[in-house]
Amino acid sequence: MKKILLNIFFLIPLVLFAQETEKFMLSGEGFGNTVLWDFYCSDGYNSKEWKKIEVPSNWELQGFGEYTYGRWYKNPVIKQPSQETGLYKHRFIIPASWKGKTIKIVFEGVMTDTEVKVNNKLAGAVHQGGFYQFSYDISDKVKLGQENLLEVKVSKHSSDKSVNAAERRADWWLFGGIYRPVYLEAIPRQHISHVAIDARMDGNFTANILLSGNINTDNSINVSLFTLSGEKLGSKAFNLKGKDREQSISMTWDNILPWTSETPNLYYIHFELLDKNKNIIHIRRKRAGFRTVEFRRHDGLYVNNIKVVLKGINRHSFWPDGGRTTNPEISLQDAKLIKEMNINAVRFHYPPDTHFLDMCDSLGLFVIDELAGWQNSYRTEIGKHLLKEMIERDVNHPSIILWSNGNEGGWNKELDSLFRHYDPQQRHVIHPWADFDGLDTHHYPEYQTGIARFTNGGNVFMPTEFMHGMYDQGHGAGLEDFWSKYIAHPLFAGGFLWDFSDNAVRRTDRNGVLDTDNNHAADGILGPYREKEASYYTVREIWSPIKVKPLMITPSFDGTIFVENDYLFSDLKGCILQYNVYKIESPLNTIPEQKLISSDKLTLPDIQPKEVRRIKLNLPELFFDGDVLEIKTLDKAGNEICTRTFPIKTAKVYFSEQAVSGRARNASSRIDGNSTILFNSDIEVRFDNTTGLLKEVLKNGKVIPFNNGPIPVGMMYQFEESKTRTEDDVAVFTAYYTGMIDSIQWRLDKSGALSMSVLMLNKTARSGGFDDADGDAKIDNFGFSFSYPEQDVKAVQWFGRGPYRVWKNRIAGTNFGLWKKEYNNTITGESEDLLVYPEFKGYHANMYWCSFITKSPFTVYSESDNVYLRLFTPEEPKGRANGENTMPDFPEGDISFLYEIPAIRDFKPISQHGPDSQPSSIRIKRGDEGVRMILHFDFK
């Protein structure tokens, strides 16, 4: 990580230049690197006395003031948000060598109203707006070589109503303080104060340059281009056009490597202000990427003449222990996590930290940079000022391809034209959630959104928020349906998930617990410390740029697969398919183990973007001895893109191959009152003759508390009778039913395994027998449940998809293999401390077998394919909205074996999702052979 940071920030061409801007830090660089200042807080915790505070920081995280979430106005108990004022003092000495230079003090971000004094003199007007970088010229207020006093008064609540409306009536935490770095800059009196670049993919280059000081026509500007490693590629000199402080230069660079999200090529550009003798007065360095961005109406968003689809996510600048105070390490970590999810774009609700934008430039992420305004906007006068600050700071980042004017009604339309005034690239401006200026950014669209927008509209469609991820909802759940529909439309330009991580703050006033303000900030695909939830892997698979098409391995499989290139700009030549064959040993006769029995790799050919190519794997001779085929896709640099797995055998074939030896025990049966008992020398299994249910399992006289089943789920049934027989030393108990179930047969065989075979058969002319009031046979759960005490379970180990739980509309991202996890009671997105993932409880897909590690362990095997294992019932979050469940209802019982499970919603109800989120329609017609489920229970 340190090496990457070094490459990003500190690789400077190995040439010494005079008269560069000098920087003198007054604060630390960010979270974990701070400087102590004197501090006085007006109200709340630790108020009314001078103490020390770390700078930069949000003062709440330092134990001062009060915490307020931005939706305070929704809470009838809260009359107004916390409104502390913080007073800061810091003493510093400026080098005497700065004599004759312009000295500026720069604040990268302060919340919210900021009054600055240097040596008891006001530095300038009070700054308002908490997400913007601002500075003051304090050349005439400082004493060189002597101690200076800096005093900063920060009002958490702004005196400007529009600032409060835009920034502090919002769906995020409200903090106070100097939360981004503070430093001094020393610049020659004559200097380049600002440069705005337009660097095109073909090398055409324009720069608008703002000069300060006593500028005349004898001055000139020299522009040089360098690689990041310091190699000089060329330079060109320009004479000034008159004495105008605003100068514009144009030229063309040859042999440029363009910047894209997949090939983020960057350069250093040096702008030198020269005197009449060609001596350097001042140098300003900029890092740039050459690329061309165009929005084409009724067409799409283009980068370098390629129509792009943005696979995006929304992100806050946030860290649990620092609030909005982060650091370059956090930015690098987050950018890498975003790239690992195969996401190529990111959006914010305000200008982020500059080091995060640097990471987007370096690693390759498209960016929508947004003027703050969460459903309310700045008034025009202050909005003009803040918009200028945002664009002047961010204009040269090649990652930024769109500007955003506020969010969800937080637009001041009078500001729209100013974006283009300050941006020579003329990037398009959006109004998130609105259909505006040719680009429809409709938030949280229904699957069938159509009339006058998207399918029936004529504007480019790009929802800047969709698949809302509250708790375990959204993100990956339902994404595949939505995405398949979207990308089939020529006017689709992408979409942005909400959002990156849970914004849980470590509360200094509550003994350090993590707080998401109930459901308000529990929206992340990652936990607060970037713990990976299940949807992380779902998104990674669905948005993988190298796609292995769905595959079912049969005995005739010859290694042929189909690979699609879903990159925007890159071919697949040089990318790798690494494929492994695993043997999964079950606990029937050995210790469970996943053995690698074969491995190979294949270099992909020149598959172009959007092209699908047939690829032939070189299968080993022992391929069909394996149980799982794993295919890893790697990019040209060797980074893993995605892992897909495919079962080689059906559950029935797999089970038949598991050896059972040394356990020949004759089984028999007996009647005991209203019970039938199947038994051998080790096991007794008791059934209720009046209900057909399993009532008790004894092993060597000790109870295994697996009982009260099978309870049918999702079907109508009525028990009729039971029959018992013993044949060939195998004891058989059969329960017969009317309705959906024909019969459930239990067999205790010589191996000691207890098998359950269910036959679901329609014996009438109608399709009845389903647990559905409307008679349309659409159900959310379908299968059988048993009871088992949750407190007895220590862990599970299983062969199937894992390690994360699934929902019907979020199975992608889980893989076949041997998995094990310890018991936990994680409530997704809600915890007062660190979260443990994957969650233990919930649905798990494609169970071949599962061992329950308890005081009395046992294993369940499936001879039927596509069986979901339900492990108990996850707890609902305590902070859920209006006490409404976030998850669909689970069936009764504790452990279930199901052919159908429900989907989970995101921001919209299930009825507004796509087809794979809808309940299945099940119908067994007269004459069908019926549906079977065969399970084996091993209590050895």
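Predicted model: local features only at pLDDT ≥ 70, side-chain atom pairs only at ≥ 80, totals over all residues.
Lys-841, at a relative accessible area of 4%, is buried.

The model has 54 salt bridges in total. One of them lies within a single helix: Glu-392 and Lys-388 both sit in helix α5 (residues 380-394), four residues apart, which is about one turn of the helix. Their side chains meet at 2.8 Å, N to O. Glu-392 is partly exposed, with a relative accessible area of 29%, and Lys-388 is partly exposed at 32%.

Another salt bridge joins Arg-686 to Glu-696, where the closest N and O atoms are 3.9 Å apart. Here two strands are involved, with Arg-686 in β45 (residues 683-688) and Glu-696 in β46 (residues 694-699), and the two residues are 10 residues apart. Arg-686 counts as partly exposed at 21% relative accessibility; Glu-696 is also partly exposed, with a relative accessible area of 28%. Beyond such pairs, a network of salt bridges links Asp-472, Arg-805, Arg-810 and Glu-839.

Tyr-67 lies in the loop between β3 (50-55) and β4 (68-69), while Trp-173 is in strand β12 (residues 173-174), so the pair ties together parts that are 106 residues apart in sequence. Tyr-67 is buried at a relative accessible area of 12%, and Trp-173 is buried at 3%.

The rings of Trp-403 and Phe-419 have centres 6.3 Å apart and planes at 40°, so this pair is tilted. Trp-403 lies in strand β28 (residues 400-407) and Phe-419 in helix α6 (residues 416-422), so a strand and a helix 16 residues apart in sequence are tied together. Trp-403 is buried, with a relative accessible area of 0%, and Phe-419 is buried at 0% relative accessibility.

Ring pairs also build a cluster, whose members include Phe-687, Trp-746, Tyr-788 and Phe-939. Charged side chains lie over rings elsewhere: Lys-23 is over the face of Tyr-183, at 4.2 Å from the ring centre, and Arg-169 is over the face of Tyr-73, at 4.1 Å.

Phe-679 is found in strand β44 (residues 675-679). At 22% relative accessibility, Phe-679 counts as partly exposed. Leaving aside neighbours within four places in sequence, the contacts of Phe-679 include Asn-666, Arg-670, Glu-684 and Leu-748. Phe-679 and Ile-192 are 487 residues apart in sequence, and their C-alpha atoms are 91 Å apart in space.

Last come the cysteines. A disulfide is a covalent bond between the sulfur atoms of two cysteines. The structure holds zero disulfides. Cys-41 counts as buried at 0% relative accessibility, and Cys-850 counts as buried at 0%.

Note on methods. Residues numbered from 1 in each chain as written. Heavy atoms only, no water. Buried < 20%, exposed > 50% of the residue type's maximum accessible area, 1.4 Å probe, protein only. Phe/Tyr/Trp six-rings, centres within 6.5 Å; stacked < 30°, edge-to-face > 60°. Lys NZ or Arg CZ within 6 Å of the ring centre and 35° of its normal. Disulfide = S-S within 2.5 Å. Contact = heavy atoms within 4.5 Å. Salt bridge = Lys/Arg side-chain N within 4 Å of Asp/Glu carboxyl O.
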